[in-house]
Amino acid sequence: MTTAFDTTGLERCIHCGLCLEACPTYKITQLETESPRGRLHLMGAIADRRIDLSRSDATVLHLDRCLACRACEAVCPSGVPYGRLIEETRAAVAQARGISPLGQLLLWSVSRPWVLGAMNAVLSISERTGLRRLARRFLSPRLRRLDALAPPVGRPQYRPVQVESPRSSVALLLGCVMRASYGDVHTATARVLAHFGVEVVETPDQACCGALHAHAGNKEEAIRLAKRNVAAFERADVILVNAAGCGAHLKSYAHLLEDRPNWAARATALASRVRDVSEFLETIAGDETFGELAMRVTYQDPCHLAHAQGIRAEPRALLSRVRGLELVEMANADVCCGSAGFYNLAQPDYADRLLEPKIDAILATRPDAVVTGNPGCMLQLAAGLRSRGREGIPVLHLVEVLDRALETR
Ligand code: SF4
Ligand code: SF4
């Protein structure tokens, strides 16, 4: 039987259909059941117990195929909180049917930095010794896919940057995949901040933000991780995030902990102090330019930056401050690339159908590099470019571009 879940906001849907053309899965299939409106209808039927989740595989499939990209939420005139509703529904699905073993393993891993660190070390050794290349020949298609989407290995760990007489300080969310595999992006973030006199203070008790857990329906673990971060970041004036998915999730802590008496007010206070790195830099940079970089780039909007946080102009404005850098807009830059947490593993067919036109759009701009602001997008786009033999086009985080440009000053 289906567990009751919070459907607040569902009643705001007036079935106008304005969200349909914004929905990537609807655009692929033209099916109402693969659209936001159709999925909201299914959510209502589940809540009213007209659909029993334990028996309806089709309903669960339509919900699973949702990317939780929130493109529908961004265009909805009625303010339907789709992102929150799909998370609540997925928690109900997880209660009724459990989470797949692969999903459980991935969720267990990402909330334990030592596991990701150990995996990174093993992959790094096997890469250096050629073992990984050899092993690829014997992998099943599913494992080969996992290998193709695995985070990069061998990139330098995060190194804090000292700032003489800082004018202000921020705390930096280190995250899970970002901490294990993109430590150099954190270092680049700290260096760019240091240029403006902003110091990154250590926050040793922080944890994974829990976004992947919430998206997969593991609400209890998401709440446990949220509480840890609320306590860890309590004294920070600004909590800076350079992974769009994590930033959007930290900003939603107020909702996640709203019915926990000792945590609700603290979570609301924390959420109001969270800033994406582009949002923060655009505020403090004033009229400054970022040096020079002769480069032609295109920018991919991470869904959880553009749709969930409404941040589209800031990254572009920052890129426009780099002399010599040419930003060429790709078609449909804010349409999901198919990464979406574990979506590219759980729904490979749909993920590929989104990635293919994305790579076409990127290549049409003839870029020297692709710029974005979320590790999932970086992995997915790099895998897509590799599959076309275009691995020579790097996928860079926005702060890597700014950091490189600042080096030229
Ligand atoms: S979710 Fe919003 S845009 Fe979509 S059908 Fe409902 S009211 Fe219309
Ligand atoms: S979150 Fe994205 S994939 Fe899901 S219904 Fe909304 S627009 Fe479609």
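Select domain 1 (10-97) and domain 2 (287-407), whose bounds come from an automatic or database domain assignment. The centres of domain 1 and domain 2, taken over C-alpha atoms, are separated by 27 Å. This is a predicted model, in which local features need pLDDT of at least 70 and side-chain atom pairs count only at pLDDT 80 or more, while totals for chains, interfaces and linings use all residues. Residues are numbered from 1 along each chain as its sequence is written, and chains are lettered from A and ligands numbered from 1 in the order in which they are written.

Next, display the contacts between the domains. Here 13 residues of domain 1 touch 12 residues of domain 2; contact requires C-beta atoms, placed from the backbone, within 7 Å. On the domain 1 side, α1 and α4 are the elements that give two or more residues. Helices (H or I, at least four residues) and strands (E, at least two) are DSSP runs, numbered from the N terminus. That side of domain 1 divides into 7 nonpolar, 2 polar and 4 charged residues. In this classification, Ala, Val, Leu, Ile, Met, Phe, Trp, Tyr, Cys and Pro are nonpolar, Asp, Glu, Lys and Arg are charged, and the others, Gly among them, are polar.

Proceed to ligand 1. It is surrounded by 14 residues, and the closest are Cys 13, Cys 16, Cys 19, Cys 76 and Ser 78; a residue is near a molecule if its C-beta atom, placed from the backbone, lies within 6 Å of it. Helix α2 provides the largest share of this shell, 3 residues. The shell around ligand 1 has 10 nonpolar, 3 polar and 1 charged residues.

Now select ligand 2. Of the 14 residues around it, Cys 23, Pro 36, Cys 66, Cys 69 and Cys 72 come nearest. Two or more residues of this shell come from each of α1 (24-29), α2 (36-47) and α4 (71-75). By class, the shell around ligand 2 holds 11 nonpolar, 1 polar and 2 charged residues.

Finally, show the open sheet of 4 strands, ordered β2-β1-β3-β4 with parallel pairing; two strands pair if DSSP finds at least two bridges between them. β2 (198-201) and β4 (274-276) stand at the edges with a single partner strand each, so one side of each lacks a neighbour in the sheet. From one strand to the next, the twist averages 40°. β1 (residues 168-172) pairs with β2 in the parallel sense over 4 bridges, and Ser 169 has Glu 199 in β2 as its bridge partner.

Terms used
Axes are lines fitted to C-alpha atoms, for helices over the stretch in contact, and angles run from 0 to 180 degrees between N-to-C directions. Two residues are in contact if their C-beta atoms, placed from the backbone, lie within 7 Å.
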